[in-house]
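I open my notebook here and set down what I looked up, entry by entry.

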Amino acid sequence: MQSLQRKATMLVVILMAALTLLAQSDRSKIEIAVPKEYRPPVMVPAADLETLLTAAVAPLLAGTGGKSFKPEEVAATLIDLRDSSRFRWASVNGERQFYPASVPKMFYMAALQRQLEDGKIVATPELVRGQKDMIVDSSNDATQYIVDVLTDTASGSELPQAEFDKWQFQRNRMNRYLAAMGYANINLNQKIYCEDAYGIEQQSRNYKGQNRNMITTFATARMLAEIVLGRLNTPERTKIMMDLLKREPFAESKDPDSQAVGFTGKALIDLGMKDAKLWSKAGWTSRARHDAAYIETADGLKIVLVVFTENHANDREAIAGIAARVIRGLRN
């Protein structure tokens with residue numbers, strides 16, 4: 001009898017080990033799952049916010065200060081979160097696609113926390129280090145690692161079409177996750193580089209960049225608002241994300257282009273708003289300068305403001321100016 005029990009126990013152990021090995025060897029089927037209880041936010045266009053945001057962007061288009069922006073070179077979305085049950089919002093070019101530079105790192109963070117919560121990815125000290133460096137330091141190398149973890153893909157040589165199609169399907173995992181939540185007009189299936197992509201990464205971009213990352217200020221503002229309100233994960237994981245996004249504009253900084261002082265944070269500095277709080281993820285390349293920011297003020301403002309600009313990458317005043325005009329307008 002005991003012999004039969006031992007054999008049965010061994011059989012269970014062997015079966016469990018086989019299932020574990022199978023799961024580890026075929027991660028291609030492990031999708032980023034939207035929680036069953038998730039519902040897209042109620043989005044309410046607000047005429048008063050549209051008037052305010054349009055006026056805040058207008059000085060850039062008018063060439064105030066001698067730096068004239070073409071209409072297609074700037075986009076902005078504003079969401080008022082004082083009523084968390086619905087997102088009152090407005091946009092200027094909010095559905096126009098931009099190359100987003102480092103802003104997708106915020107999306108990758110949200111997806112990673114989803115996978116960790118669902119037990120589909122195991123937390124390690126290296127993963128924690130990579131996530132922190134991706135968001136706090138905006139490290140591209142760390143981001144490349146996180147994208148590999150999320151999608152079970154790896155950089156390397158170009159592949160024959162059939163093999164490449166399988167690889168690209170896995171790399172599109174982020175897009176399927178976002179589409180399942182109702183995000184549209186977005187492509188987030190690429191790593192982020194300081195210089196350029198090579199091999200299969202360039203093959204994935206279709207060689208001429210047709211498949212590069214592209215997002216909108218509207219989608220970005222919604223994502224940040226959902227993170228802020230804890231709509232995407234548990235309170236504990238929401239806190240992890242918010243801690244990584246926290247910025248200190250009034251802390252000493254020797255870098256005028258840091259995420260804390262070179263973008264929306266500059267508006268808080270210029271306005272002397274030392275009691276305001278800022279959470280953000282910026283993006284900056286030789287052509288683009290973007291910021292996604294959540295601001296809380298002592299007098300009760302709670303706003304998400306996302307501003308993307310093209311061909312004015314070294315202009316530290318544009319994003320800060322829009323943010324300052326929006327804050328002043330909301331306080332009047």
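I began with Asp-257, which I found in the loop between strand 4 (246-247) and helix 11 (264-270); helices (H or I, at least four residues) and strands (E, at least two) are DSSP runs, numbered from the N terminus. The model is predicted, local features need pLDDT of at least 70, side-chain atom pairs count only at pLDDT 80 or more, and totals for chains, interfaces and linings use all residues. Residues are numbered from 1 along each chain as its sequence is written, and side-chain values use heavy atoms, with hydrogens and water left out.

Is Asp-257 buried or exposed? I noted that Asp-257 counts as buried because its relative accessibility is 15% (buried means under 20% relative accessible area, exposed over 50%, partly exposed in between, with a 1.4 Å probe and protein chains only). Its side chain makes a polar contact of 2.7 Å with the side chain of Arg-289 (a pair of N or O atoms within 3.5 Å; within protein, one must be able to donate a hydrogen and the other to accept it, and residues adjacent in sequence count only if both atoms are side-chain atoms).

Next I turned to Glu-117, which lies in helix 3 and is partly exposed, with a relative accessible area of 33%.
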